[in-house]
Amino acid sequence: MELQEKISVPIFTDVDKEVFLRDIYPQRRPAVLRGVDLGPCLKKWTTEYLCEKGGDKKVQIHVSTVPQMDFLHKNFAYKTLPFREFVKRASEKTHSDFFLCEEPADLSKQFPDLAADFHIPEFFGPDQFFSSVFRISSCDLQLWTHYDVMDNLLAQVTGTKRVVLYSPQDALHLYLSGDKSEVLDIDSPDLKRFPEFVKARRFECVLEPGDLLFIPALWFHNTLALQSGVGVNVFWRHLPTDSYDKKDPYGNKDPVAATRALQALERALHTLDELPADYRDFYGRRMIQRIQKRTYCDSQSRNITEEQDSERTPACSQFTKPG
């Protein structure tokens, strides 16, 4: 029995900047880009080569005894290892621990020798660049479902990786805690705890070496390393610079205006607590209706359930075009 509607992420070949900006980026949907020149990293980045070039530089990593890392319950430990030791342990076929490195960084500053091997696709202006992050993980490692507030490209350099994505419009089905879903096991979810999860449409792809995955901001994603491998995430600012929290090195805090709005909502909810239950129910429904009318992309739909069931493609397209 199929749990969710499954949709294959479309694959595009021979994509250059013009094609990306004209045909892919405005759709605000995930896309696999195949055949983009990522540089000599595809041939060079063997375990031995990475160990040699990375050397004994210290990196902070996540270490877990189980393959499904859970950020909400912190079932992993933070450790610092020499880069060469981390790469060796992450590449082991037989292992009792699962390793992940995802430091916020500019690859060109942290590992300049390795950065020279990786060509960042020129799909956005250099002033929009935020970070390039190594994604090195053990086989079978699965990362929790979350969203990022910036557009990003996930480049798979070695190994293969399954990526499952969910639309921002399905957020109400994902049981969010902050920017993360409480549904840890997306393949065999506990439907007694998470009955609405089956309504979320599941977009899925498998990345091969050399593939790029465009992940638009706010799209939820969950990754599973089918093999130990190396990738690079490239994030860029697609909103005006002052929209982002200047003290956020990871680039995963909500935009400043969104944070203010959520704080105002919390204050409003505390105010409603002063009323009897039936009044809270009534005015809570009025608030939901008002928020829906003011913010939902599909302004013609006035019922939450109808809107989610009928609107199957993103209708919002207010963003700053890269480059």
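Let me start with two helices. The axes of helix 7, residues 256-272, and helix 8, residues 277-295, come within 10 Å and cross at roughly 155°. An axis here is a line fitted to C-alpha atoms, for helices over the stretch in contact, and angles run from 0 to 180 degrees between N-to-C directions. Helices (H or I, at least four residues) and strands (E, at least two) are DSSP runs, numbered from the N terminus.

What I am showing is a predicted model, in which local features need pLDDT of at least 70 and side-chain atom pairs count only at pLDDT 80 or more, while totals for chains, interfaces and linings use all residues. Residues are numbered from 1 along each chain as its sequence is written, and side-chain values use heavy atoms, with hydrogens and water left out.

Back to the pair. Helix 7 and helix 8 are therefore roughly antiparallel to each other; the cut-offs are under 35 degrees for roughly parallel, over 145 for roughly antiparallel, 65 to 115 for roughly perpendicular, and oblique for the rest. Helix 7 passes helix 8 in a right-handed crossing. A crossing is right-handed if the near helix is turned clockwise from the far one by less than a right angle, and left-handed if anticlockwise.

Which residues make the contact? From helix 7 they are Leu 265, Ala 268, Leu 269 and Leu 272, and from helix 8 they are Arg 280, Tyr 283, Gly 284 and Met 287. Contact means heavy atoms within 4.5 Å. By class, this contact has 6 nonpolar, 1 polar and 1 charged residues. Nonpolar covers Ala, Val, Leu, Ile, Met, Phe, Trp, Tyr, Cys and Pro; charged covers Asp, Glu, Lys and Arg; the others, Gly among them, count as polar.

Next, another pair. Helix 3, residues 47-54, packs with helix 4 at an angle of about 165°, with their axes 8 Å apart. Helix 3 and helix 4 are therefore roughly antiparallel to each other, and helix 3 passes helix 4 in a right-handed crossing. Thr 47, Leu 50, Cys 51 and Gly 54 in helix 3 meet Phe 83, Arg 84, Val 87 and Lys 88 in helix 4. That contact has 4 nonpolar, 2 polar and 2 charged residues.

Where do the buried residues of helix 4 lie? In this helix, residues 83-90, the buried ones are Phe 83, Phe 86, Val 87 and Ala 90. Seen down the axis of helix 4, they fall within an arc of 95°, so they line one face of the helix. Buried means under 20% relative accessible area, exposed over 50%, and partly exposed in between (1.4 Å probe, protein chains only). The arc is that of the directions from the helix axis to the C-beta atoms.

Now some single residues. Arg 28 sits in the loop between helix 1 (17-24) and strand 3 (31-34). Its phi is near 55°, a positive value in a residue other than glycine. Arg 28 is buried, with a relative accessible area of 9%.

Asp 140 is in the loop between strand 7 (129-137) and strand 8 (151-158). Asp 140 also has a positive phi, about 80°, although it is not a glycine. At 43% relative accessibility, Asp 140 counts as partly exposed.

Gln 110 belongs to helix 5, residues 107-110, and is buried at 16% relative accessible area.

Last, the whole chain. There are 9 helices and 15 strands. Of the 323 residues, 46% count as buried.
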